Structure formats: structure tokens, C-alpha cells
Amino acid sequence: MPILLSGKGKISFGKNVQIGVSAAHFTYSSYNYILAFDDDSEVVLGDNVVMANGASIQATSKISIEDNVMIGINCLLVDTDGHDLDPEKRMTGVPKSGAITVKKNVIIYYNSVVFKGVTIGENSVIGACSVVTKDIPPNVFAAGNPARVIRSL
């Protein structure tokens, strides 16, 4: 499965990381993209992480994916606003950033987005097409836009 690694920062892979899951889904949506933008940016993938087709990770600070995490088709994890919200600084300003941590045994279902400063707790499940803007506690099912806890697991 094609993957594009980009940026000046550090990208590290644990054991048995699987990028792209064409055999499981019988479709190919696009390549996977991992960006560690600046010299001090970092993306860390733990052991047994699965990133399905089209999933992207874009870090300006740090994004940590712990062991046994599954990230679905076309998901995006991005730790920055991308551009300053002030129109005068939009092209030149430094956007806000905040580390993302995805704890062990999490599943993030397809077409979901995880934004800056979020921690997703161990064993939690993020429903399809969710927009995660705040921390999700461990052992819950969360979904929606914005994502909220639906029930305990």
C-alpha cells in the first residue's frame, strides 16, 4: 500500500505496524500520509498499529499512537489549526498546536477526525464520521460532531 512520509521531524514505527488494509476492505481509496512538519515534530506509532487506506497523521508538535490501535479508512489526526485564525496572520502566523495521544486498544472508525490537544483513553471506540475536539475517557464509545460519550464499554 502506498505511503507518503514527509517533513523534517521524526516518525517512528513499532513492531508489526500495518499501513493500508486493502485485503480487508477490497477497496483502495488513497495512499496513507504521515507528516512530521518541523525539526521538533514527532509521530510515534506503537506496536500492532493498523492504519487503513487513506488515513493521515499530520504533526507539528507530537502525535503518539500507542499499541494495538486501529485507525479506519480516511481518518485524519492533526495536532494544529493549520493556519492562524487571525486574518492578518493567516498566511504568516504560527497556528496553535497541541499534542494528540491515542492510548492502547483504541479503535477510530472511518472518516473520523481527531484535532489538537486530544487524548483518547485506553480501550475506547470512536464511531464513524466523528469529530473529536476534546479528551475522551477510557473504556467508552464516543461519536458525533463534536464527539461525545454515548456509553461505557
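Trainee: Before we start, what does "partly exposed" mean here?
Mentor: Buried means under 20% relative accessible area and exposed means over 50%, so partly exposed is what lies in between. Keep in mind that this is a predicted model.

Trainee: Okay. Why does Ile3 count as partly exposed?
Mentor: Because its relative accessibility is 35%.

Trainee: And where is Ile3 found?
Mentor: In strand β1, which covers residues 3-6.

Trainee: New topic. What is the strand order in the open sheet?
Mentor: β2-β5-β8-β11-β14. That makes five strands, with parallel pairing.

Trainee: Which ones are the edge strands?
Mentor: β2 (10-13) and β14 (119-120). Each of them pairs on one side only.

Trainee: How many bridges does β14 have with β11?
Mentor: Two, in the parallel sense. Strand β11 spans residues 100-102. Val102 stands opposite Ile120 of β14.

Trainee: What about β17, parallel or antiparallel to β15?
Mentor: Parallel. Two bridges join β15 (residues 125-126) to β17 (residues 140-144). Ile126 stands opposite Ala142 in β17.

Trainee: And how does β17 run with β18, parallel or antiparallel?
Mentor: Antiparallel, with five bridges. Strand β18 covers residues 147-152.

Trainee: What is the bridge partner of Val140 in β18?
Mentor: Ser152.

Trainee: Last one. How many residues sit between β17 and β18?
Mentor: Two, and the two strands form a hairpin.

Technical notes. Residues numbered from 1 in each chain as written. Predicted model: local features only at pLDDT ≥ 70, side-chain atom pairs only at ≥ 80, totals over all residues. Heavy atoms only, no water. Helix = DSSP H or I, 4+ residues; strand = E, 2+ residues; numbered from the N terminus. Buried < 20%, exposed > 50% of the residue type's maximum accessible area, 1.4 Å probe, protein only. Pairing = 2+ DSSP bridges.
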